[in-house]
Amino acid sequence: MSEIRNYLLVKGKTGLWEVIIGLEVHAQITSKSKLFSSASTDFGNEPNTQVSFIDAGFPGMLPVINEYCVEQAIKTGLGLNAEIHPVSVFDRKNYFYADLPTGYQISQFKHPIVGEGFLEIELIDGTTKNVAIERLHLEQDAGKSIHDQNPTKSYIDLNRAGVALMEIVTKPDMRSREEAMAFMRKLRSLLRYLGTCDGNMEQGSMRADVNISVRRPAEALGTRAEIKNVNSIRFLGQAVDYEVTRQIEILEEGGEILQETRLFDPVRGETRSMRSKEDAHDYRYFPDPDLPPLHLDPAMIEHLKQTLPELPEAKKKRFIKSFELSPYDAAILVSEREIADYFETTLEAGSFEDLPKRGKLIANWMTGDLFAALNRDNLSIAESKVSASALTGMVNLIIDGTISGRIAKDVFIEMWETGQEAIVIVQQKGLEQVSDNRAIDDCINQIMSANPQMVEDYRSGKDKLFGFFVGQVMKAMAGKANPSLVNEILIQKLKG
Ligand code: MN
């Protein structure tokens, strides 16, 4: 068990409590067809239009493993720094539910495809922590029961039945809502980098079962409750908060926590009991006689290892080293693959002189004006109204001195609103920076003669007035004067 960090403890009425959280995340594998049938996995189509006889549990149908889904699970295992098991076994997990026509789910129980690994998460205080992964196994999703379209009937949609899932199980390593949320964010980002799950939580592509218990510091683990199917990172935080408060209250009043499965109600922000927790033996697992054990070719695993994309940790280190970015900026830029791609596209489209300067400038524009605009319009970076190459065009104008950073802010807004290239806006509006000494000289002379008292005050030691003169010159020249030239000439002239 990892060491206890005091600031993570929760204060109850009778003393301190430690929160223990483990997650079981179901992630839908990105794949055109299902785990054991060739039916489509497209989202949002007419109910029951993507169902093969296998998915519908017709007699005599035999499942055939989808090799691509197996590869996706292996890639995910490699991304989680985990052991890939050369042999794994598919089992039948038996239970009755209307949306499960076969009466069993094909899953992996004793011999999962991926074993122990870890995922590094970043904490608010800037430190990192490894969350241990217990296993990753392959299994099928069930269909969907629809209870809200008819007052007396329930409907079944089997489009999702048989879709491939990875169930990723952590050890009980997380100690706060922040750690659990950081884990989900990081896992989602990793899966999206790998292209093994789209991470679309609203569509149910990724959902978490949250195991929560509390205990007195350093004592044995308490009884846990499992909160099922939490489908947003915000809800995960709310569910943890509610559950921790509930459990501490019960224990402090001398009660007992029941081992049970609970549901999170996002409208009320509370969890409710669903059923007492079943044990594994209740499901009567046994190896599926229709599927032989899955043997993996070591050469295939090696090949997949070679084709993995650069993952966030490696990318972050490279950004810090090559572009002298702060760890904070680098972490933001690699947090999503699309953001990192945008950064690199913007960088590569420009000339490569002074890479750190260019990198730093682009990073600042992205984390500043670009992210502000995206947030304001509620857009993802893929939907940005200023493309990576358009931003390159603007950054080039700043670097070659055509426009000042100040003017660039206005140009950026105009680009966002009109979709025009920076150079077009600059030429149409005559926004080129004035680097002509004569023009700046004349302007400074005028401002000094209009403010004789200020000049005198400055010369008698009021250094702070320098900013006033810079401001006046910039204002008079509509922000277009080259700032370093203005500074240089002002210093000379004010000396007298
Ligand atoms: Mn499962």
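**A salt bridge to begin with**

Author: In this predicted model, the side chains of Lys 186 and Glu 313 meet in a salt bridge, at 2.4 Å from N to O.

Reader: Okay, and which domains does the chain have?
Author: The domain assignment divides the chain into domain 1, covering 9-304, domain 2, covering 310-429, and domain 3, covering 437-494.

Reader: How many salt bridges does the rule find across the interface of domain 1 and domain 2?
Author: The rule finds 5 salt bridges across that interface, and the count of residue pairs in polar contact between domain 1 and domain 2, with both residues at pLDDT 80 or more, is 8.

Reader: Which elements give two or more residues to the side of domain 1 that touches domain 2?
Author: Those elements are strand 6 (117-122) and helix 2 (177-194), and the largest share, 7 residues, comes from helix 2. Sorted by class, that side of domain 1 holds 5 charged, 3 nonpolar and 2 polar residues.

Reader: And how far apart are the two domains, going by their C-alpha centres?
Author: The C-alpha centres of domain 1 and domain 2 lie 37 Å apart, while the contact itself takes 10 residues from domain 1 and 13 residues from domain 2.

Reader: What area is buried there?
Author: About 910 Å² is buried between domain 1 and domain 2, and carbon and sulfur atoms give 48% of that area. On the side of domain 1, the residues that lose the most area to domain 2 are Glu 122, Arg 192 and Tyr 193, which together account for 62% of what that side buries.

Reader: Switching topic, how many aromatic pairs are there in the whole structure?
Author: A search of the whole structure finds 14 aromatic pairs. One of them joins Tyr 95 and Tyr 283, whose ring centres are 6.0 Å apart and whose planes stand at 75°, so the pair is edge-to-face.

Reader: Where in the chain do Tyr 95 and Tyr 283 sit?
Author: Tyr 95 is in the loop between strand 4 (91-94) and strand 5 (104-107), whereas Tyr 283 is in the loop between strand 14 (270-276) and strand 15 (286-287), so that the pair links distant parts of the chain, 188 residues apart.

Reader: Back to salt bridges: what's the count by this rule?
Author: The count comes to 38, and among them is the one in which the side chains of Glu 179 and Lys 129 meet at 2.8 Å, N to O. Because Glu 179 lies in helix 2 and Lys 129 in strand 7 (residues 128-140), this pair ties together parts that are 50 residues apart in sequence.

Note on methods:
Residues are numbered from 1 along each chain as its sequence is written. This is a predicted model: local features need pLDDT of at least 70, side-chain atom pairs count only at pLDDT 80 or more; totals for chains, interfaces and linings use all residues. Side-chain values use heavy atoms; hydrogens and water are left out. Domain bounds come from an automatic or database domain assignment. Contact means heavy atoms within 4.5 Å. Buried area is the accessible area (1.4 Å probe) that two parts lose on being put together, summed over both. A salt bridge is a side-chain nitrogen of Lys or Arg within 4 Å of a carboxyl oxygen of Asp or Glu. A polar contact is a pair of N or O atoms within 3.5 Å; within protein, one must be able to donate a hydrogen and the other to accept it, and residues adjacent in sequence count only if both atoms are side-chain atoms. Helices (H or I, at least four residues) and strands (E, at least two) are DSSP runs, numbered from the N terminus. Ala, Val, Leu, Ile, Met, Phe, Trp, Tyr, Cys and Pro count as nonpolar, Asp, Glu, Lys and Arg as charged, and the others, Gly among them, as polar. Rings of Phe, Tyr and Trp (its six-membered ring) pair if their centres lie within 6.5 Å; planes under 30 degrees apart count as stacked, over 60 as edge-to-face and the rest as tilted.
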